[in-house]
Amino acid sequence: MILKLNTKLNSKNTSTSNLLASTIRKLGSLENSNPEQEALDILSYVCRRPQQWFYEKSECHISVRQKSRVERIVRQRVAGHPLPYIIRHLKFGGLNLYINRNILVPRPATECLIDAAKSFIGKKKYSNAIRIFDIGTGSGVIAISIGQYCLENNIKCNIIATDISKSALAVARRNIARHNFSTIIKLRHTNLLDAIRKPADLIVANLPYLSPLEAKGLADPHAALVGGKLGHEMIIELLSQIKDRQLLKPRGAIMLEIGHSQVSLMRQRARCLFPGANTRVLKDLEGWNRVLTIQPD
């Protein structure tokens with residue numbers, strides 16, 4: 001979209017169009033980013049206006065204080081800080097999420113995991129409420145997205161979301177309350193499935209799956225990124241818990257977000273633990289192998 005620039009500025013205020021254009025330009029130096037979208041996110045956050053307003057009211061003016069806040073956020077962003085950590089907000093799949101530095105910033109790749117879960121749920125018929133586990137819930141985005149899908153399709157569900165981090169659970173609790181899912185989604189402070197006794201119809205997890213080397217330089221919490229010395233240890237521990245304690249119902253499914261280089265290992269482990277299971281690997285939006293689905297016979 002072409003921005004209409006306003007050149008008639010006074011010494012105290014800047015037009016929305018000029019500030020938007022300069023913000024986009026400054027953010028243009030960042031790799032793997034969308035400068036225009038991020039600029040709109042920043043201005044919308046600072047000015048408390050919907051994003052479309054900045055195009056519809058391009059000749060309106062921004063106060064000196066607001067301009068200063070925008071520029072401060074831009075400096076932090078250009079320095080490499082993820083925008084959701086700076087503004088404590090992320091829009092993901094239509095959800096407005098509270099975000100802070102205690103959790104992993106949800107990535108677009110996780111949409112593949114959420115879509116796979118929705119597809120599985122939509123193809124089943126349940127006489128009772130479907131029971132779902134979201135392991136390592138972080139922001140709560142997976143549990144909330146699945147809960148929203150079930151609500152929209154009149155599917156009764158009970159979701160248990162676990163995390164070993166109390167700080168992460170505080171964020172998830174805030175997001176769950178914001179989207180009015182407190183009666184459907186229950187939180188548990190536990191390591192993986194340690195505190196869980198009854199089996200589920202569906203188990204989903206976006207656990208840490210990076211090695212320390214792979215996580216180097218990323219701003220997210222170390223504990224939310226690193227799954228062990230090799231990266232995959234935490235996922236294998238989860239699969240072992242499910243198998244050893246029989247925490248998956250017959251005709252149920254396990255869906256895991258994994259590293260694209262872990263596919264062969266994870267498939268081998270899944271087949272060892274769940275002989276005869278139907279295993280599939282789904283690609284994310286960028287074409288990388290990203291989600292492993294396991295459906296025992």
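This is a predicted model: local features need pLDDT of at least 70, side-chain atom pairs count only at pLDDT 80 or more; totals for chains, interfaces and linings use all residues.

Biologist: How many residues does the chain have, and what percentage of them are buried?

Modeller: The chain has 297 residues, and buried residues make up 50% of them. As for sequence separation, among contacts between residues at least 6 apart in sequence, 66% join residues at least 24 apart.

Biologist: Let us turn to helix packing. At what angle do helix α11 and helix α12 pack?

Modeller: The general idea is to compare the N-to-C directions of the two axes, and angles under 35 degrees count as roughly parallel. Helix α11 (residues 233-244) and helix α12 (residues 263-273) pack at about 15 degrees, with their axes 10 Å apart. The two helices are therefore roughly parallel to each other. The crossing in which α11 passes α12 is right-handed.

Biologist: Which residues make the contact?

Modeller: From α11 come Ile 235, Ile 236, Leu 239, Ser 240 and Lys 243, while α12 contributes Met 266, Arg 269 and Leu 273. Sorted by class, this contact of α11 with α12 has 5 nonpolar, 1 polar and 2 charged residues.

Biologist: Now a single residue. Is Asn 100 buried or exposed?

Modeller: The general idea is a cut-off: buried means under 20% relative accessible area. Asn 100 has a relative accessible area of 11%, so this residue is buried. Asn 100 is found in the loop between β4 (95-98) and α6 (110-123).

Biologist: What does the side chain of Asn 100 reach?

Modeller: It makes a polar contact with the side chain of Tyr 98 at 3.4 Å. The side chain of Asn 100 also reaches the backbone nitrogen of Asn 102, at 2.9 Å. Once neighbours within four places in sequence are left aside, Asn 100 is in contact with Tyr 85 and Val 171.

Biologist: Where is Pro 84 placed, and is Pro 84 buried or exposed?

Modeller: Pro 84 lies in helix α5 (residues 83-87). Its relative accessibility is 11%, so Pro 84 counts as buried by the same cut-off of 20%.

Biologist: How far apart are Pro 84 and Ile 99, in sequence and in space?

Modeller: They are 15 residues apart in sequence and 6.2 Å apart in space, C-alpha to C-alpha. Ile 99 is also one of the contacts of Pro 84 beyond four places in sequence, the others being His 89, Leu 90 and Val 105.

Technical notes
Residues are numbered from 1 along each chain as its sequence is written. Side-chain values use heavy atoms; hydrogens and water are left out. Axes are lines fitted to C-alpha atoms, for helices over the stretch in contact, and angles run from 0 to 180 degrees between N-to-C directions. Helices (H or I, at least four residues) and strands (E, at least two) are DSSP runs, numbered from the N terminus. Angles under 35 degrees count as roughly parallel, over 145 as roughly antiparallel, 65 to 115 as roughly perpendicular and the rest as oblique. A crossing is left-handed if the near helix is turned anticlockwise from the far one by less than a right angle, and right-handed if clockwise. Contact means heavy atoms within 4.5 Å. Ala, Val, Leu, Ile, Met, Phe, Trp, Tyr, Cys and Pro count as nonpolar, Asp, Glu, Lys and Arg as charged, and the others, Gly among them, as polar. Buried means under 20% relative accessible area, exposed over 50%, partly exposed in between (1.4 Å probe, protein chains only). A polar contact is a pair of N or O atoms within 3.5 Å; within protein, one must be able to donate a hydrogen and the other to accept it, and residues adjacent in sequence count only if both atoms are side-chain atoms.
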